[in-house]
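Let's take a walk through this one together. Keep the structure open beside the text and follow along.

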Amino acid sequence: MLGLKVYLEVKWLLLTELTGTSRGDYCHRTSHAKLVWILSRNTSHQVFYVSYKVVKKISILILHKLQDNDTLNKYNDVFLHKQPMSRKSSNLLVTCCTGRMEDSSGLLTTEREPVPLKSIEVELEVRDHVATLVSTLLYENKEDKPLEAVFVFPLPGDAAVCHFSAKIGQTQIVAEVKEKQEAHEEYDDALSSGQQAFLLEESDQSPDIFSLSVGSLPPGESASIRLEYVTELAVQADDGLRFCLPAVLNPRYQPQGSEGGSVQVTSVPASLVPYSLSFSARVSSPRPISKVESNCSLDPLQYLNTEQTQATVKLAAGHKFDRDVELLIYYKDAHQPTAVVEAGQASAKPGTLMGDPVVMLSLYPEFPQAVMSSVASCGEFVFLIDRSGSMDCCMGNSNQQETRIGSARDTLLLLLKSLPMGCYFNIYGFGSSYQHIFLKSVEYNEKTMEEALKKVEEMDADLGGTEILEPLKHIYSQPCVPSQPRQLFVFTDGEVENTKEVINLVRDNSGSHRCFSFGIGEGASSALINGLAKEGGGHAQFITGTDRMQPKVMQSLRFALQPAVVDISVTWDLPKAVSVTVLSPPITTIFQGQRSLIYAQLTGQSPEAAEGCVTVKYSLAGHASQNQLRFSLKPAEDTGLTVHRLGARTLIRSLEIEEREDGEEQDGVKQKVVELSVQSGVSSSFTAFIAINKGDGQAIQGPLLFRNDLMLGCSLRDFSLGFDEDSCDSGFGGFGWSRKFGASFQSHGKSVKKKLKSVFSRVGGFFKGGQKASCQSNETDLSEDAAFKPKQPPRDPLLQLVSLQEASGCWVLDPALAAALGKTSEELDKPKPALVNKEVWATILALIWLHGFKSDVQDEWELLAMKAVSWLRAQKAPCVTECIEAGNALLGCEVQKDALT
């Protein structure tokens, strides 16, 4: 009986999830037919192998039940003649520095054979806010035939890859940067002639994905691959500098109807990864290093001098490779503007980028305190929330039950309570489709806030894939509210394949809004998250590991409430013989406490003791302001070509954007990018690194095997679905839960896969510990409310109190408030001063509780508390001091009056 009921629920869940219909939308037979053809169209080469078997079994079972022989014959034809993609497909295989699927059987290729990667050694050097990373990968071919391996991996989206070399035996081969098509042809020619070849290239869809091809590795031979890149470190909310070594590249969602190679994923448990990873970092700065923190266990920080301006740190023994390696570096007096002048390359021609000195300016504008103490009371706030299936994953790597979508709901509660009265807002959810709470942005008041909060409570990760482009187009098509600057907040786990198209759209609309972006969870695309904020004039935040989403989002809301900085200009004062060519795009956004970087090429000779000066002018809330930095033109020592490469990367990215602006290639701009990339040795979307070992000219003998190295994390956490032919023959058609299949899937049809995952995980929740469905079970309660509704964890006390706040900023004295404060209604009523009304008393009690018990997370509730204080001042209530004293006595706190007035 259980098997039949589970089958019926699976059938209807598949139908409603995959067709977007309700149970009453179609007649019985029509609904099943639609389901069958949706499933069949997303099978074969589009759906991952396990789901291929699931889809086939369930769909044929449905057709047998319907006795629909015509459709069954067509359906069988689909399965008989369209088999899953062969291993020689051109599709990229996503890999990274970890393996982390709990139920696979080892690190395997698409043919379930061991991969040849043996070890990864990572060395990081951080100088102030610039990082240089060198990664060495050791491959070994244990086959009896020559081997070609493909390794696809994530890098920071703004990294400048500047070196690639291979060592085979005692032979060192340094790669050259060449036009991409030319590099591909040379690589193919080398393999066809039996030579060893190595190819490194950036993905066409996203600048944070690279693929490395290791070709014609002879039997028994080893190859050591050395990869180097430089990148800037982003400033965090607490002034730390963040470095992230991506260990997870989640499968990228490819929008329906789009073209291009898909991304295939397989993963393994950390305990079974057959290669080693070592990581060490050296940090140096003109200022003392306060501390270095990480989401991974570190050995103690080792200072190298008494000034504590140099230090080393490395991963502790036993690292499990189950997460991104994130470092947070803290300096004393971090907000100091700096300038670094780097000498040109001696072998390069003067007057060229690599031949001239390049300066890197780091500016930290400081705004007048009078301006910063005021918070804007206007604005149109649009919140765009990812509701795709991957948002149902748990936050971070701990055992906590909070999901990404759950954390997003809690964050929206804080955001909505913190908005100023009189502003406008709307909330969008997106997946394969998108939804909005209001037809257009509405004025923020008690009624609209409550309506929005009810909808937020119902939000789930139930909209399928991750198609962010269409909702963005819809938002930009809506007219802006007059005198209400638009502020767009985008929350996503960042797993899209059309990254460049999305960023281009934001850039095209940058004049009408500011965009604040949030990358949630391991594997969020840094190119997408940083690109949205950069082109939208906002700020990017990443929420990884055990990070809480709320404080980072609230910091961005504070930025959004800052008055917009306008009329930004940069002027240079240099010796007459020196001219400047700015490599960076114009500064369009300045936030208090955030760094602005400028790269510039300096041409001409200058006296040894000469100085330069740069002045940044801007207008803030009607006040003209400026910041100035004087710097020596004498080149710094021992910087190598780091600044030149970062400057080249910045110019290359700007030219690539210019090339794509009209939607078609401009040969002149593309040629500039290729020439600059070749000259600087920095990768671009139009070039690739190519290295060929011609050796003694002897061809490597034997047929070439193809291997795809899979070392990755995966977004289908804690989920493994398979078939057990012997399980549950009655009612459920042999459909059971087994732990013997890992997940291997491709990005095409990801919306279907996410929905299947949602269905299967919900049904799988019936069986404790992953047990199979038993046909003899006595369990009979399979109603949707009883069986599928997950048990909700108790609400956080802070969120419980915040949820009771009115849009105006006050609280109401009622039993709900008493419960949130841990008191009875009588206990709250009794000490209330007689002359004080209930709302004032309730608001003072809530503020005392926040300051007394939640001061450690003040950045989460600070804005809504400011609104409450403003409301109190407007009431001009008597006896405030008496209320605070009585409230402290009641709640057992010692909050000072200054904090509440």
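**Sheets first, then a helix**

In this predicted model, start with an open sheet of four strands, ordered E11-E12-E18-E15 and paired in the antiparallel sense. At its edges you'll find E11 (234-235) and E15 (289-294); each has a single partner strand, so one side of each is left without a neighbour in the sheet. As a reminder, strands of a sheet pair through backbone hydrogen bonds, either parallel or antiparallel.

Now look at one pairing inside that sheet. E12 (residues 241-245) and E18 (residues 325-331) run antiparallel to one another, with five bridges between them.

Next, hop over to strand E4, which covers residues 147-154. Its partner here is E9 (residues 209-217), and the two pair in the antiparallel sense over seven bridges. One of the contacts to look for is Val152, bridged to Ser211 in E9.

So how does E4 sit in the structure, and which way do its residues point? Leu147, Ala149, Phe151 and Phe153 point one way, while Glu148, Val150, Val152 and Pro154 point the other way. Both sets are buried. Because eight of its eight residues are buried, E4 is largely enclosed by the rest of the structure.

Finally, find helix H10, residues 499-508. Eight of its ten residues are buried, so this helix, too, is largely enclosed by the rest of the structure. The buried ones are Thr499, Lys500, Val502, Ile503, Asn504, Leu505, Val506 and Arg507.

Technical notes. Residues are numbered from 1 along each chain as its sequence is written. This is a predicted model: local features need pLDDT of at least 70, side-chain atom pairs count only at pLDDT 80 or more; totals for chains, interfaces and linings use all residues. Side-chain values use heavy atoms; hydrogens and water are left out. Buried means under 20% relative accessible area, exposed over 50%, partly exposed in between (1.4 Å probe, protein chains only). Two strands pair if DSSP finds at least two bridges between them.
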